[in-house]
Structure formats: C-alpha cells, structure tokens
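Biologist: Could you walk me through this one, please? I would like to take it slowly.
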Amino acid sequence: MDISQKCILRVENKLEQLLRTQNDSYKQIYEWMQYCVLNGGKRIRAQLVYASCIACDGELENADHMACALELIHAYSLVHDDLPAMDNDILRRGIPSAHIAFGEANAILIGDALQTLAFETLTARCSLTAQMQLKLINILAKASGAKGMVFGQVLDLNSENHNLDHLKNIHKHKTGALIEASVQSGALIANADKKTMSSLEQYAQKLGLAFQVQDDVLDVVSNTDKLGKTCGKDKQQNKITYVDLLGLEKAQNYVSDLIMAAKSSISNLGKSVNYLLDLADFVLHRKN
Ligand code: IPE
Ligand code: IPE
Ligand code: MG
Ligand code: MG
Ligand code: MG
C-alpha cells in the first residue's frame, strides 16, 4: 500500500468513527450525513493535510482531526452547491445528490450539520495543544467563510463579469481557499519554519487554481459516468469557466503550467515532499 492509499484509508476510518450514530434519537440525520460523506470522494484535501505534515516531518496522528474537518466542510459545500438554488445538480459522487435523496430542506440541514461537526471535531481532546487547536479552527473558519469558500460561491452565482482576473478570483476563493488551508494546516501542525511555510503557500496557491481549472476542463471533456456528476453542467448553468475564456487547449496547458509551477515551488524542500509532488501530478491527470 502506498502512502496515498494509507492516508485515504486513515481518513476514511476516522470519518466513519465521527459519523457513527451515538444515540438512536439522532440516527436519521447521522445516516444522511454518512450518505454525503462516506461515498467515495478523492479525499484530496485530507491528503494534502497529511502530505504537508509529512513534508515538514510531522506526525500523521496530529493531522487526523484537521484532515477530517476539511473533508466535512468540503462535503457540506458540495451538498449546498448541488441544491436547486445553486447549481441544481442531481448527481454527486455517482449517486443522487442529497436534495434528490432526502429533499431540499433536509439537504440544507445536512450541510449545516456537516459544517458544525467539522468545528466540533477540531475542539475534541487530542494530542495537539489547545493553542494549536485554536489556530486550526481559525484557519478553517476563515477559509470556509465569507472571505473564503463562501465568498467564491457568492461570486460564482452572481457573476456577469466575464474576464480572466475575475474568474481567477472566483476559483481562488471557491476552491483555492480550502486547498490552501489544507496545506497550511498540515505544515503548522508539524511546526514548520517560516521559509518552508512560504514555499508551501506558493505550492498551494498554484495547486488550488489548477484544481478548479481542471474541474472546468473535465466538465467539458469527460462524461457523467466517469465524473460521477453531471457533465456539461457549467454551460447549462451559464457559468464562466477557463474553457470559455481561453479555449479548451489553452485551459489544459494552463493546468499543466500551474502544476509545474506548484511542484517547482517546493523543489527546495528535499525528499519528504514526494507525496505533495505526487498529489500535484494526480490533480493534473485526474479523470474525475
Ligand atoms: C469537487 O471537488 C468540487 C470542486 C471544488 C471542484 P472534488 O473533485 O475534490 O470532489 P470529491 O471530494 O473528490 O468528490
Ligand atoms: C464547487 O465548484 C465549489 C464548491 C463546492 C465550494 P463547482 O460547482 O464547479 O463544483 P462541481 O463541478 O459541482 O463539483
Ligand atoms: Mg458551483
Ligand atoms: Mg457545482
Ligand atoms: Mg465544476
């Protein structure tokens, strides 16, 4: 088993534990949350926390809670993103979206519950100091809120301004913010020095943008079966994408350039960055 498979298994197990029904009265909402989380996500954000922690010689055990919290926030963002009032998508990770399976009002509540569970997870007793836990809560709150992912979603849903700078700003927030928080927190947990932090920040910015440009590309070149979500959705919803603004080939080249730049940002950090380098390649070659 390689390190990526090990870390995916690790976060899957932890997420399963967090989503186990503790008390029969809460069974229904917990089952709905399980449906939206334990359903085959690629776990890129969790893996980035682990990979960044490894790059800074940290202990994986210290990264578990943040890895789970990021996947919970991400899962909530997907449940809400698919709602009829947002992207109106009926398929997610190859199964009916939450609002199709459980109704719209319940999907809103599932998203709310996943979001609060993320923060509850970060407050649980663990091997980290209370001061570190506070820092992680702060990073996650900022990255997911009105200056981070939510801001990106607001721009995404309310944009008539079709230019590259504007689109870059949407992508930087709606997808980049959580990816940057993943890399930053992994390094912080491992007590990385300032210089390392700054190289990793460069890596994360490039990777975050590449991730969303590739998402735009896949929406055009893939198919619904492979993607596990409705292909061609961006055009249907009149979204601005890199493929619209640059054309398919240039958008694809832009992803490769960004991935190359992301990798070279951390080339000064030695051998322990191999997992981060592999994840960058994964983003470039991913098919869903
Ligand atoms: C999909 O994210 C939504 C975007 C931010 C582009 P992922 O492609 O990471 O989705 P999962 O978690 O693997 O399903
Ligand atoms: C989703 O962007 C970003 C967030 C969920 C925050 P998209 O709308 O492009 O994601 P998909 O294509 O539905 O997965
Ligand atoms: Mg969207
Ligand atoms: Mg969407
Ligand atoms: Mg998309």
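Biologist: How many positive and negative side chains does the protein have, and how far apart do the centres of the two sets lie?
Modeller: The protein carries 30 positive and 33 negative side chains, with the centres of the two sets 4 Å apart. Here Lys and Arg count as positive and Asp and Glu as negative, while His and the chain ends are not counted, and the place of a charge is NZ of Lys, CZ of Arg, CG of Asp or CD of Glu.
Biologist: What should I know about the model itself?
Modeller: This is a predicted model, in which local features need pLDDT of at least 70 and side-chain atom pairs count only at pLDDT 80 or more, whereas totals for chains, interfaces and linings use all residues. Residues are numbered from 1 along each chain as its sequence is written, chains are lettered from A and ligands numbered from 1 in the order in which they are written, and side-chain values use heavy atoms, with hydrogens and water left out.
Biologist: How many helices and strands does the protein have?
Modeller: There are 15 helices and 2 strands, taken as DSSP runs numbered from the N terminus (helices are H or I with at least four residues, strands are E with at least two).
Biologist: Which residues of H8 are buried?
Modeller: In helix H8, residues 149-157, the buried ones are Met-149, Gly-152, Gln-153, Leu-155 and Asp-156. Buried means under 20% relative accessible area, exposed means over 50%, and partly exposed lies in between, using a 1.4 Å probe and protein chains only.
Biologist: Where do they fall, seen down the axis?
Modeller: The buried residues of H8 fall within an arc of 160°, so they line one face of the helix; the arc is that of the directions from the helix axis to the C-beta atoms.
Biologist: And what covers them?
Modeller: Their cover includes helix H4 (60-81), helix H7 (130-144) and helix H9 (164-189).
Biologist: Ser-182 next: is it buried or exposed?
Modeller: Ser-182, which sits in helix H9, has 0% relative accessibility and therefore counts as buried. Apart from neighbours within four places in sequence, Ser-182 is in contact (heavy atoms within 4.5 Å) with Arg-45, Leu-48, Val-49 and Leu-70.
Biologist: What about phi of Asn-88?
Modeller: Asn-88 is not a glycine, yet its phi is positive, about 55°, although most residues other than glycine have a negative phi. Asn-88 lies in the loop between H4 and strand S1 (91-92) and is partly exposed, with a relative accessible area of 36%.
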